[in-house]
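Please look through the structure shown below before reading on. The report that follows takes up a few of its local features in turn.

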Amino acid sequence: MAKATPQADIQEFFSLLFDPKDAICVGVHRLPNARGRRVMDEHHAELVDMPDYQDPSWREGGDVFFSVLPMLEQDEQEEESRRYRSQGIAQPGRALWLDFDLGLNDELKTEMEDMQASIVLSGSKAGLLPKAHAYIHLTEPIDPREAVWLSATMAERWGADAACAEAARFLRIPGTYNHKTSPPRKVELKRIGEPWDIEELYGALEIDRPDIDKLPELSDTHAASEQEVAAFKRKTALLAGSTAGAIKGYLTKYNEQTTPGVISDRHVSMFAKLNWAAREGQAGKVCFADAVEALREAWRLSLGNDRSRFESDEFDKMVATAVGSLPSSPNDGEGEEPREFITDEMYASNQGLAHIRQLAHSYMISPDVLVYSTMARLASMLPHSVKLESNNGKNGSANLIVANMGRPGGGKSSGQSAAEELIPAPVAVIEAKYMSGLQGSTGEGITESFYGFRLVNRQVEQEEGEGRVKSQPKDSKPTKERAIVRHNIHFSMDEGEVMVKNANAPGSILTETIRSAWSGGALGQQNASHDKVRRVPAGTYALGFVANFQPSVFKTIFEQASNGFPARFSYAAAGNLIDLDEDGELPDVEHPGMLSDAFGVLSELWSEPRNISYAEEVRREIRMEIYKASRLTLSDAIPRSKLHKEELELEDLDAHRTYHWAKLSALLVLLEGRTHVEVEDFALAKEMYEVQKIVRGVVLRTVQATQKIENRAADSRREQVISNANINAGKTLAELEKRRKYIEAVLDKVVDGLRDGKTVNWITKNKLSDAQKRSLKSAIDLGVEREILRIDAKTAKPVLA
């Protein structure tokens with residue numbers, strides 16, 4: 001349990017950030033009310049008025065934040081536009097800040113200590129690493145524009161979250177609680193830093209101090225920065241089927257109800273037009289590519305002289321976001337049931353599925369997401385000795401890897417806690433040290449999760465009779481040893497983008513580990529010393545892995561089709577919520593309680609393990625599918641997962657469909673409390689797999705559309721760069737010619753003066769202007785080069801040649 005941070009330390013920390021009369025914006029993100037909503041209450045406070053947020057009552061109040069920069073005093077703001085926190089009212093401050101959202105490792109911690117930074121652990125984790133905020137203090141306040149620029153520069157240097165470098169940034173107050181975790185974790189002040197003189201800081205960073213007047217203004221009406229576009233993309237959820245006007249109204253309302261400065265009117269307008277063009281293009285009413293180019297030109301003209309913003313990829317990010325917000329088909333939102341969802345008939349054919357959908361409807365969350373989240377949880381709690389007898393003695397694993405797909409705010413993250421309600425962990429699972437909700441962001445971390453410490457009695461060999469035996473010395477104490485201590489883990493990754501980033505990291509074994517885990521193969525590497533080897537043998541663990549993705553970030557996963565990575569996922573689409581009743585109201589749905597049959601059979605399997613068996617007709621079909629696959633020739637296996645200019649071409653993603661059928665059918669019967677797969681169960685599993693293929697196809701089309709736009713945008717930028725280079729080259733030649741003629745004119749005056757018997761000093765004083773004097777040396781050098789002049793050896797002065 002985290003130690004309480006002394007209030008005196010917190011006061012010292014805040015005294016390094018603020019002057020006594022600074023207006024600090026404090027925000028309390030209240031815990032969900034009766035309607036399940038969270039509200040952010042903001043107010044101004046001075047250092048002397050700051051309450052003790054470590055008081056136990058605040059633990060139940062919610063998450064507590066503060067503005068890193070002081071804000072304009074409330075009574076100095078106009079009444080009709082009063083705000084407590086925004087970029088436009090940020091004041092000079094004495095702090096720079098870094099948000100290590102991907103975790104603070106030992107190397108970064110050492111570097112922050114070398115930078116004399118204060119370090120605050122936010123209470124969350126990125127895999128096994130704690131997330132942290134670092135503050136670099138200054139002796140005197142600096143302009144908020146410089147504070148933002150320098151924080152962004154340092155974020156880029158140390159790999160922190162660049163989106164947090166904005167003047168209205170809210171960060172957690174030390175001593176409070178982070179309610180994103182369950183149970184809530186303490187926000188800990190681990191280190192109090194020391195202030196820097198600003199000039200000494202620039203010297204330590206080895207960068208030049210910028211001209212403050214040339215830095216962007218921090219107003220609330222500027223065109224959105226790249227970081228703001230990313231934040232907007234994460235936060236907004238667009239309604240399918242809306243007109244351009246309705247979208248703009250929605251976005252304007254969004255802008256008014258959130259922190260001012262997140263987006264500008266210009267950005268709202270352009271984003272609305274792009275969304276309209278994307279939907280009209282999908283319906284075949286306009287050429288989307290032509291519309292994008294026309295809007296790109298309009299965007300360029302709207303920016304005026306701000307050329308750097310146009311040359312950035314901000315516009316392309318808005319285009320990609322618009323494409324990512326498209327419904328899966330033009331019919332979505334028109335009353336027809338989308339094809340990428342499990343159908344009513346499928347839900348009705350299995351009691352477990354029907355039960356899950358009823359709970360999803362009672363909570364207003366996505367049924368399909370909850371189905372696969374529950375199946376992954378069930379798979380992770382099975383005894384690892386329970387196998388799938390689907391193929392003539394080659395028993396398989398029920399391990400499941402799930403990709404929940406949806407737009408931002410589409411309900412991808414809603415299934416985890418509900419799945420825990422449906423199937424709580426039996427006592428035997430808990431006693432087996434079961435872990436649930438781990439992030440699993442690295443391959444090494446996944447393998448390490450199965451390890452822990454165990455006590456080992458040290459033994460020595462002693463002579464006994466005619467031989468030697470091992471025994472424990474009388475005074476020896478047990479020692480700790482790293483070893484596999486658990487065999488059941490459920491992983492959950494709220495943002496699949498983390499998987500994409502880590503999968504691309506040099507030396508990463510994340511994708512290799514997940515592929516192996518899906519089939520129950522061995523995990524880990526053995527290329528280390530004996531005491532550092534982490535290896536989980538094949539067939540000795542049960543695992544479920546759920547990751548939530550936005551379609552636009554899935555391109556990197558598809559690019560690994562040649563090694564079968566995307567073929568291992570079970571795909572679920574967020575959405576498909578309950579229908580309104582005849583009066584247009586949401587019907588009340590009773591909470592069905594836990595899945596008693598699934599819980600019961602899970603408990604039985606822990607007391608008396610047995611494999612999941614299959615009907616003979618099912619086994620014959622599986623064997624025939626395996627036979628067909630084995631008949632493929634070598635040329636059939638040539639990888640085709642190459643990213644072409646216009647689209648992403650993939651090899652067959654159904655290479656593992658037989659295994660998918662076996663896994664799904666096994667989990668379906670377990671939901672009903674059975675351990676034998678009948679023909680009907682297998683048929684239902686195949687139907688569900690077909691729905692997964694449709695979801696996967698929607699994601700693939702989204703990626704392909706985004707790729708086309710990115711390629712065309714890249715071509716456009718390339719042409720613009722070439723055009724600019726040609727223009728600049730022309731300007732350079734003209735400037736050189738102008739400079740040459742100017743120097744020749746100075747040379748002519750020098751030569752004329754020398755011919756009249758004047759000295760160079762006399763010529764300089766009487767014949768040359770101040771500007772021409774600065775070019776005298778160049779003129780003399782040109783005269784010597786052309787052999788009009790020479791340098792006298794005795795006087796070292798120029799004379800006629």
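## Loop residues with positive phi

In this predicted model, Ala796 is placed in the loop between β26 and β27 (798–800). Its phi is near 60°, a positive value in a residue other than glycine. Most residues other than glycine have a negative phi. With a relative accessible area of 55%, Ala796 is exposed, because the cut-off for that class is over 50%.

Glu787 is found in the loop between α27 (776–785) and β26 (789–791), and it has a positive phi of about 60° although it is not a glycine. Glu787 is exposed, with a relative accessible area of 65%. A positive phi of about 60° is also taken by Gln116, which comes just after α3. At the start of that helix, α3 (residues 106–114), a side-chain oxygen of Asn105 reaches to within 3.2 Å of the backbone nitrogen of Glu107.

## An open sheet

Which order do the strands follow in the open sheet of 4 strands? The order is β4-β6-β5-β10, and the pairing is antiparallel. At the edges are β4 (93–100) and β10 (188–191), each of which pairs on one side only, and the twist from one strand to the next averages 30°.

Strand β5 (residues 118–126) pairs with β10 in the antiparallel sense over 3 bridges. Leu121 stands opposite Glu188, a residue of β10.

## Aromatic pairs and charges over rings

A search of the whole structure finds 19 aromatic pairs. One of them joins Phe65 and Phe170, whose ring centres are 6.0 Å apart and whose planes meet at 10°, so the pair is stacked. Phe65 lies in strand β3 (residues 62–67) and Phe170 in strand β7 (residues 170–172), so this pair ties together parts of the chain that are 105 residues apart in sequence. Both Phe65 and Phe170 are buried.

Trp661 and Phe682 form an aromatic pair that is edge-to-face, with 5.9 Å from centre to centre and 90° between the planes. Since Trp661 lies in helix α23 (residues 657–671) and Phe682 in helix α24 (residues 679–755), the pair ties together parts that are 21 residues apart in sequence, and both Trp661 and Phe682 are buried. Elsewhere, Phe549, Phe554, Phe558, Phe565, Phe569 and Tyr571 form one aromatic cluster. Charged side chains also lie over rings: Arg534 lies over the face of Tyr451, at 5.0 Å from the ring centre, and Lys663 lies over the face of Trp518, at 4.8 Å from the ring centre.

## A buried serine

Ser366 has its place in the loop between α13 (351–363) and α14 (367–381). Is Ser366 buried or exposed? At 2% relative accessibility, Ser366 counts as buried, because the cut-off for that class is under 20%.

The side chain of Ser366 reaches the backbone nitrogen of Val369 at 3.4 Å. Ser366 and Gly575 are 209 residues apart in sequence, while in space they are 5.0 Å apart, C-alpha to C-alpha.

## Salt bridges

How many salt bridges does the structure hold? The structure holds 26 salt bridges, and one of them is formed by Asp344 and Arg357, with the closest N and O atoms 2.6 Å apart. Asp344 lies in helix α12 (residues 344–348) and Arg357 in helix α13, so the pair ties together parts that are 13 residues apart in sequence. At 38% relative accessibility, Asp344 counts as partly exposed.

Arg657 forms a salt bridge with Glu625, the closest N and O atoms being 3.0 Å apart. This pair links distant parts of the chain, with Arg657 in helix α23 and Glu625 in helix α22 (residues 616–630), 32 residues apart. Arg657, at 30% relative accessibility, counts as partly exposed, whereas Glu625, at 14%, counts as buried. The salt bridge between Asp770 and Lys773 has its closest N and O atoms 3.7 Å apart; both residues lie in helix α26 (residues 770–773), 3 residues apart, about one turn of the helix. Asp770 counts as exposed at 56% relative accessibility, and Lys773 as partly exposed at 34%. Finally, Asp654, Glu690, Lys693 and Arg696 are linked in a network of salt bridges.

Key
Residues are numbered from 1 along each chain as its sequence is written. This is a predicted model: local features need pLDDT of at least 70, side-chain atom pairs count only at pLDDT 80 or more; totals for chains, interfaces and linings use all residues. Side-chain values use heavy atoms; hydrogens and water are left out. Rings of Phe, Tyr and Trp (its six-membered ring) pair if their centres lie within 6.5 Å; planes under 30 degrees apart count as stacked, over 60 as edge-to-face and the rest as tilted. Helices (H or I, at least four residues) and strands (E, at least two) are DSSP runs, numbered from the N terminus. Buried means under 20% relative accessible area, exposed over 50%, partly exposed in between (1.4 Å probe, protein chains only). A charge sits over a ring if NZ of Lys or CZ of Arg is within 6 Å of the ring centre and within 35 degrees of the ring normal. A polar contact is a pair of N or O atoms within 3.5 Å; within protein, one must be able to donate a hydrogen and the other to accept it, and residues adjacent in sequence count only if both atoms are side-chain atoms. Two strands pair if DSSP finds at least two bridges between them. Axes are lines fitted to C-alpha atoms, for helices over the stretch in contact, and angles run from 0 to 180 degrees between N-to-C directions. A salt bridge is a side-chain nitrogen of Lys or Arg within 4 Å of a carboxyl oxygen of Asp or Glu.
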